[in-house]
Amino acid sequence: MEATPLSSSRGQESGAGNPTPSPPSTPLSPSPSPSPSPSPSPSPSRLWRPAAQRNLRNQWSKLLSTKDRWVSAASEGRSRATSLVNAYLSRKYLPEMDLGVLKDMPGIRQKACDKLAQKQELYCNMLISSYKEMVVAVSHLVKASSSMRCFLKGSVAGPLVQFCDHPEDKNDFGDGGGIPVFSSLPISHFENLAQELVEMFALELSLKVYLTTWLAEVNINMNRLSEIFATVEEEMLVRLS
């Protein structure tokens, strides 16, 4: 008779054919991924400088083109002033002029006088037109010289840029805190050069009701003008013309 083997443990007696399953392991929840850190906002100077550079280039280009506009108007005015003076002198000395074979023509002196008077009026109007053109040029010089500052408005992260001479924020001086705009010169230096340039033309304009001053530029130092524009172009590393 065969002996029946005894089970080795009570657990085996109760669940030898149907073992108790192990409790399921709890899945580990994935660790949350770190949220991306916000990118740092650009500093105001980094936002300000490119806009300020563009503005200065634009304003100095306007100064140069307006200077050329003045030179052209002054040259035309000089020619018209000369013609005006000549017409005036010819008319003044016509009664004493020797007209040669024409002197016996009836009314010849009066006709010549009337023609010179018409020329005198024409040249006078043309001269006034040249003067008005120079007034406009000086006005544009003043406007460009006073529009060199660049002001920031709005939040630092997304400011709007405005170019004017009256900021909305009284604490914003429009000069980037005095930092260089290009290589070494701050905005104030560019403004001083522009002011020196404007003063020359403004003083010269005040002398132009006087006909004799049309013969020469009394207050405008053309060599100094060339130096000013050369300094600005060297600082900007760009040709304005």
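Helix α1 (residues 10–15) has the lowest mean pLDDT among the elements of the protein chain, at 39, while α4 has the highest, at 96. Here pLDDT is the predictor's confidence in each residue, from 0 to 100, and helices (H or I, at least four residues) and strands (E, at least two) are DSSP runs, numbered from the N terminus. This is a predicted model, so local features need pLDDT of at least 70 and side-chain atom pairs count only at pLDDT 80 or more, while totals for chains, interfaces and linings use all residues. Residues are numbered from 1 along each chain as its sequence is written, and side-chain values use heavy atoms, with hydrogens and water left out.

**Confidence**
- The protein chain averages a pLDDT of 80, and 75% of the residues score at least 70.
- Over residues 1–32 the pLDDT stays under 50, and the model has three contacts (heavy atoms within 4.5 Å) for this stretch beyond four places in sequence.
- Residues 34–41 also have pLDDT below 50, with one contact in the model beyond near neighbours in sequence.

- The 38 residues of α3 should span 56 Å at 1.5 Å a residue, and its end C-alpha atoms are 55 Å apart, which agrees; the expected span is 1.5 Å times one less than the number of residues.
- Buried residues of α3 include I108, C113, L116, L127, M134 and V138; buried means under 20% relative accessible area, exposed over 50%, and partly exposed in between (1.4 Å probe, protein chains only).
- E96 is in the loop between α2 and α3 (108–145), and with a relative accessible area of 61% it is exposed.
- From E96 to R109 is 13 residues along the chain and 10.0 Å between C-alpha atoms.

**Aromatic pairs**
- There are three aromatic pairs in the structure; rings of Phe, Tyr and Trp (its six-membered ring) pair if their centres lie within 6.5 Å, with planes under 30 degrees apart counted as stacked, over 60 as edge-to-face and the rest as tilted.
- One of them is W60 with F229, edge-to-face at 5.7 Å centre to centre and 85 degrees between the planes.
- That pair links distant parts of the chain, with W60 in helix α2 (residues 44–92) and F229 in helix α5 (residues 222–236), 169 residues apart.
- Both W60 and F229 are buried.
- W70 and F201 also pair edge-to-face, at 5.0 Å centre to centre and 80 degrees between the planes.
- Here W70 in helix α2 is linked to F201 in helix α4 (residues 187–207), 131 residues away.
- W70 counts as buried at 1% relative accessibility, and F201 is buried at 1% too.

**Salt bridges**
- The structure holds 10 salt bridges, each a side-chain nitrogen of Lys or Arg within 4 Å of a carboxyl oxygen of Asp or Glu.
- E133 and R69 form one of them, with the closest N and O atoms 2.5 Å apart.
- E133 lies in helix α3 and R69 in helix α2, so this pair ties together parts that are 64 residues apart in sequence.
- E133 is partly exposed at 29% relative accessibility, as is R69 at 30%.
- E191 bridges to R149, with the closest N and O atoms 3.0 Å apart.
- R224 and E227 meet in a salt bridge at 3.2 Å, N to O; being three residues apart in helix α5, they are separated by about one helical turn.
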